[in-house]
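I opened this structure to find my way around it. These are my notes, in the order I looked things up.

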Amino acid sequence: IGNMLKCYQSLMLIIPFEMADIFYFCRRGVESIVDDEVTKRFSAQELETWNLLTRSHYNFRHISLRLTVLWGLGVLIRYGILLPLRVTLAATGISLILVLTTLVGFLPSRELRFFLTEKVHVMCYRICVRSLTAMITYHNRENKPKNGGICVANHTTPIDVIILANDGCYSLIGQAHRGLLGMVQRAMVKSSPHIWFDRSEVKDRHLVAKRLSDHVADKTKQPILIFPEGTCINNTSVMMFKKGSFEIGCTVYPVAIKYDPLFGDAFWNSSKFGMVNYLLRMMSSWAIVCSVWYLPPMNREEGEDAVQFANRVKAAIAAQGGLVDLIWDGGLKRAKVKDAFKEEQQKLYSKVLVGEQEQGDNKSSEENPEEDKSYHGSANGQ
């Protein structure tokens, strides 16, 4: 609204003021505040029915004794039986990744190392998937990503990686971490060609593009798995894809992932929950139910730039997964709107106002052509 007022003040010097001129802009501003299509993508998806997972303290009402007892039994089952078993499975899967990938990395034969790496990764990822009681349905497996390509998918949660790796082996790309996750990364890179960047290298677009190009040029290496949104979205929409992955000039394999929130909300709200807290919430839910669609491979068309190619892939993923296709950058989750977007809206408002004034001028010129000619003559002089 403030940007609209600034824009209007600059136009008031040229266009006569009428109170009705600001109504359209005020209505648009109020609509944007009431129904913000960006901010609500970073909060948990609203359910139509209660799934026996939580009892909200906000406006809580006692419905019935039977329902309360049922919820209590659910808490006992999820935290007393399912959670210990799932934590054990997760610890087993992570331990096997650390040990087996390190041992495979010492093998001298490159072909044998790659062969065993795929088997080890798939086995360990499937154990991790069992720790979440994930029920996954894969569609169109004939379109699965192949070596020498890039697999891109919408991003809802960090477990997207094990959901896809449960059905095939991928090379991962991302920032190098410390602690337990860093140990897993260092063990994995010994046996397979994953790409990890230091914090200072992530912002170097040319270095990232070169590492990606070198990887996809080798047809013996596994496809790279990338989430171009750069952040987790709440399973209702797909936001802007970063163009870097689409500048390489290789085959892109789109994948659409859609979770069913009825049995467990897979969305990771990183501003509200830490990684450990989030994983415990996932392991204490009833189950993780999702569908995965492998879309036909796509290539950059002649005359199409990287941004257009990224938007075309994003639209295909959104259509297949039943998600809303949004043009907004997922970086708005933590950053403010760029000045370029504000200036674009200011130009739009200016065109609307100037256009209305020109229509009024044309109408008056038809009624009094001599007066109109003198008016435009003085305007041109100014």
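**Entry 1: the whole chain**

I note first that this is a predicted model. I looked up the secondary structure and found 12 helices and nine strands in the chain. The chain has 382 residues, and 40% of them are buried.

**Entry 2**

In what order do the strands of the open sheet of seven lie? I read E1-E8-E7-E2-E5-E3-E4, and the pairing is mixed. Which strands stand at the edges? They are E1 (134-139) and E4 (195-197). Each has a single partner strand, so one side of each has no neighbour in the sheet.

**Entry 3: from E1 to E8**

E1 pairs with E8 in the parallel sense, over six bridges.

Then I turned to E8 (residues 288-294). Why is E8 largely enclosed by the rest of the structure? Seven of its seven residues are buried, so the rest of the structure encloses it. I sorted its residues by direction. Ile288, Cys290, Val292 and Tyr294 point one way from E8. Val289, Ser291 and Trp293 point the other way. Both sets are buried.

**Entry 4: E7 and its two partners**

I moved on to E7 (residues 252-260). Is E7 mostly covered or mostly open? Seven of its nine residues are buried, so I wrote down "mostly covered".

On one side I found E8. Six bridges join E7 to E8, and the two run antiparallel. Asp260 has Val289 of E8 as its bridge partner. I looked up the pairing with E2 (residues 150-153) as well. E2 and E7 are parallel, with four bridges. Here Ala153 has Val255 of E7 as its bridge partner.

**Entry 5: E2 and E5**

E2 has a pairing with E5 (residues 224-226) too. This one is parallel, over three bridges. Ile150 stands opposite Ile224 in E5. I kept Ile150 in mind for the next entry.

**Entry 6: Ser245**

Ser245 is found in the loop between E6 (237-238) and E7. Is Ser245 buried or exposed? I found a relative accessible area of 10%, so Ser245 is buried.

Which residues does Ser245 touch, leaving aside its neighbours within four places in sequence? They are Ile150 and Ile226. I checked the first of these. Ser245 and Ile150 are 95 residues apart along the chain, yet their C-alpha atoms are separated by 7.9 Å.

**Entry 7: H3 and H4**

I left the sheet for the helices. The axes of H3 (residues 65-105) and H4 (residues 110-130) come within 8 Å and cross at roughly 170°. H3 and H4 are therefore roughly antiparallel to each other. I looked up who makes the contact. From H3 the list includes Leu89, Ile94, Ile97 and Val104. From H4 it includes Leu116, Val120, Met123 and Ile127. By class, I read 12 nonpolar, five polar and two charged residues in the contact of H3 with H4.

**Entry 8: H4 and H6**

H4 packs with H6 (residues 179-191) as well. The angle is about 145°, with the axes 9 Å apart. Arg113, Phe114, Thr117, His121 and Tyr125 in H4 meet Met188, Lys190 and Ser191 in H6. I read the classes again: three nonpolar, three polar and two charged.

**Entry 9: what the record says**

Last, I turned to UniProt. Its unreviewed entry places the feature "transmembrane region" at residues 63-81 and 87-107. I compared residues 87-107 with the model. The chain there is 90% helix and 0% strand. The end C-alpha atoms of this stretch are 31 Å apart.

How values were computed
Residues numbered from 1 in each chain as written. Predicted model: local features only at pLDDT ≥ 70, side-chain atom pairs only at ≥ 80, totals over all residues. Heavy atoms only, no water. Axes fitted to C-alpha atoms, helices over the stretch in contact; angles between N-to-C directions. Parallel < 35°, antiparallel > 145°, perpendicular 65-115°, else oblique. Contact = heavy atoms within 4.5 Å. Nonpolar A, V, L, I, M, F, W, Y, C, P; charged D, E, K, R; others polar. Buried < 20%, exposed > 50% of the residue type's maximum accessible area, 1.4 Å probe, protein only. Pairing = 2+ DSSP bridges. UniProt positions renumbered as here; feature names shortened; annotations may be inferred.
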